[in-house]
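Student: I have this model open on my screen and would like to talk it through. Can we start with the overall picture and then go into details?

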Amino acid sequence: MASQEILASQKSNKPSEEPETIPLETEPSTPLIPPSKYSNRVVLRTIIERSDGGVGLVGETMVIGGWVKSARVVRKDPPPQLQSEDNDGIVVRPGLKEVGCMDILQNQVPIFSSTSNIFDGSGNYPARAKLQPAPSKRVATSKPPPLILNLLVIDGSCVDSLQVTIEFSDDFPIRPLPTGTCILAEGVLSQLPAQGKHSIEFKVNKILHLGTVEDDKYILSKKRLPLETLRDYSHLRPRTTTVASFMRIRSASTFATHTFFQVNGFFSVEVPILTTTDEGFSAKFQVTSLSAKEVKKEEPKITGDTEALEVVKAAIKEKNNLIQQLQRSDSDREALLAAEQDLLKTKQLASQLEEKEKLRLETLKAANIPEDFFSQHTYLTVSGVLHLESYACGLGNVYSFGPRFLADRRLSTKQAAEMWMVEAEMAFSELEDAMNCAEDYFKFLCKWVLENCSTDMKFVSRHIDKTNLLEAMISSSCERITYMEAVNVLKKVADRKFETEPEWGTELTSQHLSYLVDEIYKKPVIVYNFPKEFKPFYVRLNDDGKTVAAFDMVAPTVGKFITGSQKEERFDLLNERINELGLPKEQYEWYLDLRRYGTVKHSGFTLGFDLMVLFATGLPDVRDVIPFPRSSGKVDN
């Protein structure tokens with residue numbers, strides 16, 4: 001009892017203590033740089049292109065993934081420091097010893113260390129060399145410094161690479177990681193001395209994935225491959241720093257295109273790739289579902305009745321329109337009756353042709369002659385302008401962005417069989433409106449690329465094109481001259497050596513256009529009001545009866561890359577132009593309907609998107625900025 005009282009007394013004499021607090025559960029800290037939304041890896045661009053070069057992320061644990069750009073084994077002590085080269089190599093800084101195969105063997109296999117003492121390291125045999133006795137187990141030996149693997153890793157998100165360090169261990173024994181190896185790893189960012197190009201490195205704690213490479217067969221193992229060679233490996237070339245930069249610039253230009261038109265109230269419209277319309281281009285790709293043998297089995301006259309039937313159907317439609325006009329007017333009753341009789345005869349002819357067509361199909365089936373998928377000749381589209389017009393006449397301002405095809409076998413650095421085009425069409429607008437829109441769009445693209453691809457543009461300026469044309473394009477306005485003015489200006493050049501003399505009625509060649517841009521005006525030039533013979537049938541005829549409301553925009557190095565026009569909205573003049581050129585009228589009845597029913601003035605333009613990317617990068621050949629270029633004899637994948 002006494003002891004309990006003493007304990008109670010002692011307890012009461014203790015100073016008052018703070019009440020116990022229950023520790024709160026700590027919420028997991030949010031990483032300074034979150035991983036990609038659809039992957040657990042961190043994109044390298046979000047590390048490397050920070051304003052502090054990634055130093056603010058030092059100590060962060062993360063997962064990174066990419067492909068090995070270059071690799072080298074070095075000793076851990078002294079601490080390694082890498083310097084990246086532009087030729088995809090790694091340079092070890094002064095004071096660090098690069099490790100060769102013999103160093104690795106001596107470091108990992110003791111007998112090699114003893115055996116190497118026989119020699120002086122140069123392959124000479126010393127006269128009195130003896131093997132050193134193996135050290136006693138009781139004698140302490142210093143362990144050689146461990147080896148580390150230094151990598152430069154890229155993931156395609158930016159120009160620069162991340163320095164990655166892997167220390168050899170039982171979990172990761174010595175093994176080569178050649179160029180092109182895919183690596184996914186978890187680790188920590190650490191800071192490097194400030195004097196190096198890389199301010200941070202990624203120290204690997206755990207390797208999550210390795211995608212191996214057959215080094216002797218991997219084409220990108222070779223350094224500095226020319227762009228011409230890379231065209232044959234279009235599926236692998238995006239892993240190169242150069243092509244990856246081009247593609248990021250292309251991607252930014254695509255986003256800028258949609259941004260410009262959406263912000264300015266245009267609607268996006270997808271025009272068909274398959275078309276029956278012949279816009280006067282001779283080099284078209286014809287589409288058929290028949291094999292080569294089946295095409296030969298078809299008789300030449302088989303398509304004759306089909307085409308005749310289409311002509312008659314178009315005539316019936318036109319005669320119906322004429323009768324409706326006569327019924328609405330106070331015209332002669334006899335003219336109306338004559339028109340109705342004419343329509344009746346045409347319908348009878350159509351009925352006869354339909355019977356023949358039905359008989360033809362039955363004959364084909366009986367003779368086992370295959371029928372093509374489409375009843376008319378069908379082609380891959382060369383231009384989507386005509387189809388886009390129909391939506392401009394209903395929605396107002398529209399644009400389309402997609403591939404166009406031209407079966408031109410001539411070799412050209414500015415042309416491929418499949419190229420992407422941006423086409424815009426605006427209702428209630430004239431030629432000058434189209435020229436203004438085209439120039440604004442061009443400047444918008446130049447500014448967007450400069451602001452959103454600054455690192456890639458620096459790389460391009462350093463390796464491809466020293467002159468930065470995009471800056472100059474933004475600050476200057478296009479010079480606008482008529483075709484006649486362009487001819488007169490070129491005629492006045494005293495020491496000109498043009499292959500074709502500039503005269504009225506001759507087309508301006510690329511040589512003429514380059515001289516106007518590079519030598520005379522020294523900025524982009526818009527040439528407009530061309531002779532009608534140079535432009536398609538649908539371009540609006542000017543009041544002089546000789547020229548049409550069309551324009552070409554020409555820029556340095558790339559030449560003509562934007563064409564535009566005001567379309568002919570007058571039915572009679574458009575119909576006359578179709579007949580004048582001898583075009584198959586039945587193909588354009590739907591197009592003439594746009595003039596029959598609520599015609600409106602409208603204009604637009606087409607920009608060669610691949611040529612725009614070519615201009616931004618300063619490259620000479622458009623095939624190097626197209627992801628999978630197609631040209632005559634070249635479709636590898």
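Student: Good. How many helices and strands does the chain have?
Tutor: This is a predicted model, and the chain in it has 18 helices and 18 strands.

Student: And what percentage of the residues is buried?
Tutor: Of the 637 residues in the chain, 42% are buried. The chain exposes about 36,000 Å², and carbon and sulfur atoms supply 52% of that area.

Student: What share of the contacts comes from residues 24 or more positions apart?
Tutor: Counting the contacts in the chain with a separation of 6 or more, 69% are between residues 24 or more positions apart.

Student: Let's zoom in on β4. Is that strand enclosed or open?
Tutor: Strand β4, which covers residues 147–154, has 8 of its 8 residues buried, so it is largely enclosed by the rest of the structure. Leu147, Leu149, Leu151 and Val153 point one way from the strand, while Ile148, Asn150, Leu152 and Ile154 point the other way, and all of them are buried.

Student: Which strands does it pair with, then?
Tutor: Strand β1, residues 61–75, runs antiparallel to β4 and is joined to it by 8 bridges, with Leu151 of β4 as the bridge partner of Ala71. Strand β5, residues 162–167, also runs antiparallel to β4, through 6 bridges, and there Leu149 stands opposite Ile166 of β5.

Student: Changing topic: in what order do β9, β10 and β11 sit in their sheet?
Tutor: These 3 strands form an open sheet in the order β9-β11-β10, with antiparallel pairing. Because β9 (274–275) and β10 (286–287) stand at the edges with a single partner strand each, one side of each is left without a neighbour in the sheet.

Student: How many bridges hold β9 to β11?
Tutor: There are 2 bridges between β9 and strand β11, residues 378–380, and the two pair in the antiparallel sense. The bridge partner of Thr275 in β11 is Tyr379.

Student: Last one: which residues make up that nonpolar patch on the surface?
Tutor: The patch is formed by Ile273, Leu274, Phe373 and Phe374, which together have about 390 Å² of accessible area.

Student: Where is Phe373, and is it buried or exposed?
Tutor: Phe373 lies in the loop between α9 (333–366) and β11. With a relative accessible area of 65%, Phe373 counts as exposed, because the cut-off for that class is over 50%.

Notes
Residues are numbered from 1 along each chain as its sequence is written. This is a predicted model: local features need pLDDT of at least 70, side-chain atom pairs count only at pLDDT 80 or more; totals for chains, interfaces and linings use all residues. Side-chain values use heavy atoms; hydrogens and water are left out. Helices (H or I, at least four residues) and strands (E, at least two) are DSSP runs, numbered from the N terminus. Buried means under 20% relative accessible area, exposed over 50%, partly exposed in between (1.4 Å probe, protein chains only). Contact means heavy atoms within 4.5 Å. Accessible areas come from the Shrake-Rupley method with a 1.4 Å probe; for residues, only the protein chains shown count as cover. Two strands pair if DSSP finds at least two bridges between them. Patches are made of residues with over 30% relative accessible area and no salt bridge: like charges are joined within 9 Å, nonpolar side chains (Val, Leu, Ile, Met, Phe, Trp, Tyr) within 5 Å. A salt bridge is a side-chain nitrogen of Lys or Arg within 4 Å of a carboxyl oxygen of Asp or Glu.
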